[in-house]
Amino acid sequence: MTPFMLPLLTGILCGLRTMTPLAMVSWAAVLGRLSLEGSFLSFLATPVAAWVLTLFALGELVADKLPFTPSRKVPMQFGARIVSGAVCGAALATPAGLALAGAALGVGGAVIGTLGGAAVRGRLAARLGRDLPAALIEDAVAVFGALLILGSLR
């Protein structure tokens with residue numbers, strides 16, 4: 001994949017789940033598949049960061065199903081997805097020297113994923129008659145999408 005495609009796709013995943021792509025990027029750096037050495041994002045390459053982000057990602061998978069969890073489109077949640085997309089995009093494009101472009105693509109992807117993900121999940125929930133199955137499908141897309149991206153890194 002090109003250095004432009006990965007940040008965009010990862011940004012879309014950030015629109016679905018804020019923390020899962022961040023955990024994936026951190027693990028990619030810890031496992032040596034993504035070089036962040038000497039960059040402002042080098043903290044992501046530590047095992048502590050990877051484990052903490054993984055715990056946050058798991059917590060988000062649970063919290064998303066709770067009835068009082070706000071919409072992803074409210075400012076706080078939308079903003080978190082945009083920041084996550086920017087960080088992931090910048091990290092993935094850093095080895096190519098394109099961190100700023102990667103951040104922009106990650107932000108664009110996060111907007112697409114946030115709005116598109118909400119629309120698709122809403123339609124799917126209406127079709128299935130309940131939100132939980134739609135939420136679980138969205139979880140699967142976010143997790144397996146992140147694993148596919150991790151697997152594509154060398």
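Start with the lining of the largest pocket: α3, α4, α5 and α6 each supply at least two residues. (Helices here are DSSP runs of H or I, at least four residues, numbered from the N terminus.) This is a predicted model, where local features need pLDDT of at least 70, side-chain atom pairs count only at pLDDT 80 or more, and totals for chains, interfaces and linings use all residues. Residues are numbered from 1 along each chain as its sequence is written, and side-chain values use heavy atoms, with hydrogens and water left out.

**Stop 1: the pocket**

Stay with the largest pocket. Its volume is about 510 Å³. A pocket is found on a 1 Å grid over the protein atoms alone: it is an open set of points where a 1.4 Å probe fits, with protein on both sides within 12 Å along at least five of seven lines, and lining residues have an atom within 4 Å of a point. The volume is the space filled by probe spheres set on the points, which are joined across faces, edges and corners.

Select D64, T69, P70, R72 and R81. Of the 25 lining residues, these are the closest to the pocket's centre. Now colour the lining by class: eleven residues are nonpolar, six polar and eight charged. (Ala, Val, Leu, Ile, Met, Phe, Trp, Tyr, Cys and Pro count as nonpolar, Asp, Glu, Lys and Arg as charged, and the others, Gly among them, as polar.) Which helix gives the most to this lining? That is α4, with six residues.

**Stop 2: helix α4**

Select α4. This helix has 19 residues and reaches 27 Å from its first C-alpha to its last, close to the 27 Å expected at 1.5 Å a residue. (The expected span is 1.5 Å times one less than the number of residues.) Its buried residues include F78, R81, C88 and A91. Buried means under 20% relative accessible area, exposed over 50%, and partly exposed in between, with a 1.4 Å probe and protein chains only. The buried residues of α4 pack against α1, α2, α3 and α5.

Click Q77, which is in α4. Leaving aside neighbours within four places in sequence, Q77 is in contact with P70, S71 and R72. Contact means heavy atoms within 4.5 Å. Next, draw a line from Q77 to T114. These two are 37 residues apart along the chain, and their C-alpha atoms are separated by 9.4 Å.

**Stop 3: helix α1**

Move to α1. Its buried residues include L6, T10, L13 and L16. What covers the buried residues of α1 includes α2, α4, α5 and α6.

Pick T10 in α1. T10 counts as buried because its relative accessibility is 0%. Not counting residues up to four places away in sequence, T10 touches P21, M24, C88, L92 and I149.

**Stop 4: the core**

Select V25, L34, L36, L44 and A91. Of the 28 residues in the largest nonpolar core, these touch the most other members. (A nonpolar core is a set of buried Ala, Val, Leu, Ile, Met, Phe, Trp, Tyr and Cys residues joined through side-chain atoms within 4.5 Å.) The largest share of this core, seven residues, comes from α2. Zoom in on L36. Not counting residues up to four places away in sequence, L36 touches A29, L41, S42, L44, A91 and T94.

**Stop 5: a loop**

Finish at E37, in the loop between α2 and α3. E37 counts as exposed because its relative accessibility is 77%. Then find P67. E37 and P67 are 30 residues apart in sequence and 41 Å apart in space, C-alpha to C-alpha.

Methods
Nonpolar A, V, L, I, M, F, W, Y, C, P; charged D, E, K, R; others polar.
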